[in-house]
Amino acid sequence: MRTLLTTEGAVDATKAAISRCFSSARKGGLWLDIERPDADDYKLLQETFKFHPLTIEDIQHQNQRPKVDEYPDYNFAVIFQADWLGDDVAFREHHLFVGPYYLISVHVEPAPALAALQERIAKSPALTKGQPAFLTYLVVDALVDATFPVLEQVDDTVDRMEDDIIERAAPGSLDRIYHLKHSVTELRKYLGAQRDVFQRLITHGIHFQQQDMTLYYRDVYDHIVRQYETVDSLRDLLTSAMDVYLSTVSNRLNQTTKALTVVASLFLPLSFLTGFYGMNFAYLTTVLETPYLAFAAGIGTMLIATAIQLYFFRRRGWI
């Protein structure tokens with residue numbers, strides 16, 4: 001699916017319109033967004049825009065790392081965006097062909113951030129300030145800022161998990177913590193590489209003819225640094241949540257062990273008294289006292305022993 005925009009608004013993304021806008025890109029700029037590219041799209045990129053086969057190959061194979069490759073007439077950039085899908089973090093890979101007056105963005109999965117930006121530009125073309133370079137900045141800024149809501153979702157999820165763990169440390173919580181920690185670590189890896197990329201861009205822009213945009217890319221770089229620091233904090237929070245889980249499970253085990261120990265301790269004197277009376281039953285009932293008094297004395301000593309133990313346990317705070 002193709003979407004074509006210029007600094008003047010949206011245009012039908014036919015091949016003829018794309019060629020016409022590309023020829024006049026110096027005046028009105030060009031942003032061509034391609035979602036789920038097919039063979040016709042690859043042919044368009046190679047024949048109409050004359051992009052290098054290596055960049056086409058990168059688009060086809062995906063799983064690249066954040067980077068900016070410089071070519072004679074354009075730069076090829078790979079930018080990652082995090083998305084909250086279901087109850088997990090998903091990573092979206094975007095490929096950008098950045099020329100002095102045009103931008104072609106290619107992505108396999110839907111990009112709500114770009115769709116929202118396209119709608120805004122179509123309604124209000126003045127957002128581009130009539131500058132093709134500013135149009136490129138808007139796209140890059142939208143992709144980077146789309147990660148902030150994901151970080152907030154992860155933060156809220158970790159807070160809820162900690163509350164649930166304190167209430168009841170279920171085994172599924174530990175699996176969830178491990179899964180989220182893996183996602184956060186992967187996000188940190190992408191943001192670290194992306195931060196290095198944008199550190200280069202704040203000196204000469206995303207294209208050598210867009211040096212007047214370095215101030216804007218400095219703002220984008222600041223956003224990425226904030227995201228990277230937030231991810232570091234989230235990783236520490238997940239480590240703390242894991243510690244809370246292990247501590248809660250350990251405390252629960254201690255409580256169970258203490259309860260079993262108290263029960264076992266109560267039966268120790270009872271077992272002794274039962275054995276003592278059982279071995280001396282004939283002597284107690286025929287010599288010392290009558291059978292009824294012997295039975296009452298046995299039950300009485302057992303109850304007294306149990307009461308003394310319970311009193312002692314409560315004084316020590318064990319029950």
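What is the accessible surface of the protein chain, and what percentage belongs to carbon and sulfur atoms? The accessible surface comes to about 17,100 Å², of which 57% belongs to carbon and sulfur atoms; areas were computed by the Shrake-Rupley method with a 1.4 Å probe. The structure is a predicted model, in which local features need pLDDT of at least 70 and side-chain atom pairs count only at pLDDT 80 or more, while totals for chains, interfaces and linings use all residues. Residues are numbered from 1 along each chain as its sequence is written, and side-chain values use heavy atoms, without hydrogens and water.

The protein chain has 11 helices and seven strands, taken as DSSP runs (helices H or I, at least four residues; strands E, at least two) and numbered from the N terminus. The C-alpha atoms fill a box of roughly 120 × 40 × 35 Å along the principal axes.

Of the 319 residues, 45% count as buried, that is, under 20% relative accessible area with a 1.4 Å probe, protein chains only. In general, nonpolar side chains tend to be buried together in soluble globular proteins. The largest nonpolar core has 48 residues; such a core is a set of buried Ala, Val, Leu, Ile, Met, Phe, Trp, Tyr and Cys residues joined through side-chain atoms within 4.5 Å. Helix 9 (residues 214-279) supplies the largest share of this core, seven residues. A second, separate core of 30 residues includes Leu5, Ile79, Leu135 and Ala142.

Among the residues with the most contacts inside the largest core are Phe97 and Ile104, where contact means heavy atoms within 4.5 Å. Phenylalanine 97 touches residues including Leu45, Phe51, Tyr74 and Ile104, not counting residues up to four places away in sequence.

Key
Buried means under 20% relative accessible area, exposed over 50%, partly exposed in between (1.4 Å probe, protein chains only).
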